[in-house]
Amino acid sequence: MKLFHLLPEDRFEELRWLSAAIACATAIVAMQITETTHPPAGATALIPSVQADVTELGWYFLPVILLSSALMLAVALFLNN
């Protein structure tokens with residue numbers, strides 16, 4: 001996704017679909033290699049590529065995902081113990 005931002009803005013909008021496909025495919029390949037397949041993770045990689053407001057967040061989207069994942073894990077550990 002960030003690599004596509006090096007293109008001019010109008011060209012980036014034309015290739016947004018390619019950015020989305022590569023992001024989702026990369027996430028799926030990483031999950032297959034680590035044997036941790038989780039379909040919503042593909043959607044998490046897809047969202048910044050297709051939504052302009054999330055695209056504007058840039059690298060700030062990563063801490064949001066990490067924080068929400070950590071909170072979900074903490075609640076799961078608390079409720080299941």
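Which residues are buried in α3?

**Figure 1. Buried residues of helix α3 in the predicted model.** In this predicted model, the buried residues of α3 are G42, P48 and S49. Around the helix axis they cover an arc of only 130 degrees, which places them on the same side of α3. Here, a residue counts as buried when its relative accessible area is under 20%.

**Figure 2. Length of helix α3.** Helix α3 comprises 12 residues, numbered 39–50. At 1.5 Å a residue, the helix should span 16 Å. The C-alpha atoms at its ends lie 17 Å apart, which agrees with that expectation.

**Figure 3. Helices and overall form of the chain.** The chain contains 5 helices and 0 strands, and its pattern along the sequence reads α-α-α-α-α. Its radius of gyration is 15 Å, well over the 12 Å given by the globule rule for 81 residues, so the chain is more spread out than a compact globule. Along the principal axes, the C-alpha trace spans about 50 × 25 × 15 Å.

**Figure 4. Burial, contacts and surface of the chain.** Of the 81 residues in the chain, 20% are buried. Among contacts between residues at least 6 apart in sequence, 39% join residues at least 24 apart. The accessible surface of the chain amounts to about 6,200 Å², and carbon and sulfur atoms account for 72% of this surface.

Technical notes. Residues are numbered from 1 along each chain as its sequence is written. This is a predicted model: local features need pLDDT of at least 70, side-chain atom pairs count only at pLDDT 80 or more; totals for chains, interfaces and linings use all residues. Side-chain values use heavy atoms; hydrogens and water are left out. Helices (H or I, at least four residues) and strands (E, at least two) are DSSP runs, numbered from the N terminus. The expected span of a helix is 1.5 Å times one less than its number of residues. Buried means under 20% relative accessible area, exposed over 50%, partly exposed in between (1.4 Å probe, protein chains only). The arc is that of the directions from the helix axis to the C-beta atoms. The radius of gyration is taken over C-alpha atoms; the globule rule is 2.2 Å times the number of residues to the power 0.38. Contact means heavy atoms within 4.5 Å. Accessible areas come from the Shrake-Rupley method with a 1.4 Å probe; for residues, only the protein chains shown count as cover.
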